[in-house]
Amino acid sequence: MPIHEKSLIRPENLVTHDHLELDGVDVSGHWSTFIESRVVTDYNEVLEDEIAALPGGEFIHRCWQCGSCTNACTVNAINPDFNPRYWIYLIRMGLEEELLRDKDIIWQCVSCFKCVYACPRDVNPEGVMKATAHWLELKGHTEPKPSAVFDEVFADQVFATGKIEEGRVLKQFFRRTGQPLFQTWLVALVRGLVSRLPARMLMRLGLATLFHPRTSGWGRARAAIGEYVEEREAADRAALGLEADGAN
Amino acid sequence: MASKHKRVAYYPGCALEGTGHAYDRSTKALGKALDLDLVTLKNWNCCGAMEVKNVDPKLQTYLSARNLSIAEDMGFHTVMAPCNGCYHNLKKAEYDLANDEASRELNARLSTKAGHKTYQAGKVETIHALDWIKDAIGEDGLRARVKNGLKGLKVANYYGCMYTRPRHIFPEKDRGPESESTSKPHFMDDLLAAAGAENVEYPLKTACCGGAHTLSDSDTSTKLVLNLLTTAEACGADVIATECPTCHTGLEMHQKRAETVFGKKTTVKILYFTQLLGMALGLSARKVGVHENLSDSRGLLLERGLQ
């Protein structure tokens with residue numbers, strides 16, 4: 001398969017001979033530049049199956065590498081290393097080591113669904129990004145990334161009460177990721193807002209943070225969801241051949 | 001024939017009770033001014049936003065199905081959600097319940113254990129606030145009611161991601177000129193034009209604001225938002241009109257962040273389309289919650305005689 005994305009060619013894999021003559025033709029310098037060939041033997045043969053077992057990864061096998069996802073991708077436009085087509089290729093080929101080079105950016109998918117819209121094979125590339133980020137974390141290749149912490153803080157609150165209160169999510173997220181709540185830009189925003197809002201409105205906002213909104217009679221839904229989430233987590237870990245207790 | 005959308009169930013969602021309160025206020029004020037009846041869903045729950053699907057998409061389907069079953073119990077065939085995230089999730093749930101056996105099974109299991117009716121696909125239609133005004137009032141209806149036209153106000157219409165993507169969950173879209181387009185949406189443009197705005201050609205109508213990672217990957221969001229803001233300014237817009245609380249708050253927050261953290265100042269204002277329509281109908285800026293927006297557009301509105 002031709003490689004169209006120049007960023008995939010790493011400098012250390014390029015070889016150039018300063019002085020080289022082939023069949024009497026001088027090919028010194030960039031005329032002799034080529035990508036060094038290599039032999040891959042360490043395939044991870046279960047990689048595709050493991051990604052496919054996680055929510056979102058189910059349809060990765062449909063991919064025929066057209067590159068529509070990468071072409072449409074919001075994050076690729078600001079960081080060419082963010083390349084869903086390439087990652088899907090690596091996963092399907094079992095090239096785990098290559099995939100791990102990008103382990104710290106895969107979580108940055110913003111779920112804009114441009115890839116899902118563009119994909120002619122219904123691969124659901126957005127889901128594959130989420131499944132891959134999840135896989136990296138479960139396998140212990142990365143610590144939980146900020147987006148995973150945010151998802152957890154948010155989802156836990158929904159599961160517990162049926163609703164979320166944004167201020168509480170924000171506070172918990174900053175605390176869990178070790179960031180100060182009083183970031184200059186947030187303070188500047190709040191100052192501007194407070195100067196315009198009437199006292200009654202401010203009181204209402206303040207009360208919302210004290211008396212958290214919740215869905216009444218949510219207890220049974222909470223129990224049912226909690227039970228399912230546990231089952232799901234156990235199934236995910238089993239599919240990846242991990243211990244059930246989450247000890248890694 | 002009277003529109004079936006004159007009286008609909010209203011699903012505000014969590015954002016409209018928090019940072020998007022101005023959208024809630026202006027949506028209700030607009031409904032009142034247009035004699036449209038909004039009945040809030042009783043004891044609704046969060047749709048799961050962009051986060052619960054990352055635990056398991058089928059859980060998000062259940063959360064939305066519970067809300068749809070409430071609408072059904074209240075005797076409604078239509079639920080209106082002004083938030084793109086809520087709208088998208090209700091639509092996604094409807095699609096998955098119609099097409100995916102595993103989603104149906106989990107919904108039945110959780111609904112039964114939670115002690116409420118299991119929602120079946122096809123009972124309740126989900127519409128966006130744009131569909132609501134477009135269908136119940138329409139451009140002609142708006143033109144007839146406009147008291148204080150938006151004449152002179154140049155607007156970039158910004159729809160974001162969840163209103164049009166992915167295509168398959170919106171079967172009513174892309175069905176010819178009268179329907180909404182997923183590649184180049186126009187319902188908001190149509191309504192604001194009828195209210196007297198001058199819409200600018202804005203190529204980033206459905207670009208992403210990075211809303212899902214607005215706090216967890218702030219630098220990416222700021223880059224994406226700055227691109228939206230500077231492009232709107234380059235297109236000659238005074239205002240970016242929004243129809244989603246996550247996009248709206250994201251634009252406001254990262255406009256400020258771009259200025260404070262990266263020293264990139266932009267001056268384009270950000271207003272909900274419901275605020276603009278409300279003011280065109282003669283409602284005061286305060287009635288439609290302009291003072292509750294994080295960005296301050298009072299100066300521009302005063303200058304244009306909208307206050």
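Visitor: How many helices and strands does chain B have?
Guide: Chain B has 11 helices and eight strands; helices (H or I, at least four residues) and strands (E, at least two) are DSSP runs, numbered from the N terminus. This is a predicted model, where local features need pLDDT of at least 70, side-chain atom pairs count only at pLDDT 80 or more, and totals for chains, interfaces and linings use all residues. Residues are numbered from 1 along each chain as its sequence is written, while chains are lettered from A and ligands numbered from 1 in the order in which they are written.

Visitor: Thanks! What's the strand order in the open sheet?
Guide: The four strands run β2-β1-β3-β4 in chain B, with parallel pairing; strands pair if DSSP finds at least two bridges between them. At the edges are β2 (37-40) and β4 (125-128) of chain B, each pairing on one side only.

Visitor: And which residue does B:Tyr10 stand opposite?
Guide: That's B:Met80, in β3(B). Strands β1 (residues 7-10) and β3 (residues 78-81) of chain B pair in the parallel sense over two bridges.

Visitor: New topic: is B:Asn89 buried or exposed?
Guide: B:Asn89 is buried, because 29 other C-beta atoms lie within 10 Å; buried takes 20 or more such atoms within 10 Å, exposed 12 or fewer, and partly exposed is in between, with C-beta atoms placed from the backbone.

Visitor: Where is B:Asn89, then?
Guide: B:Asn89 is in helix α3 (residues 84-99) of chain B.

Visitor: What does B:Asn89 contact, leaving aside neighbours within four places in sequence?
Guide: B:Cys47, B:Gly48, B:Gln60 and B:Ser64; contact means that C-beta atoms, placed from the backbone, lie within 7 Å.

Notes
Contact = placed C-beta atoms within 7 Å.
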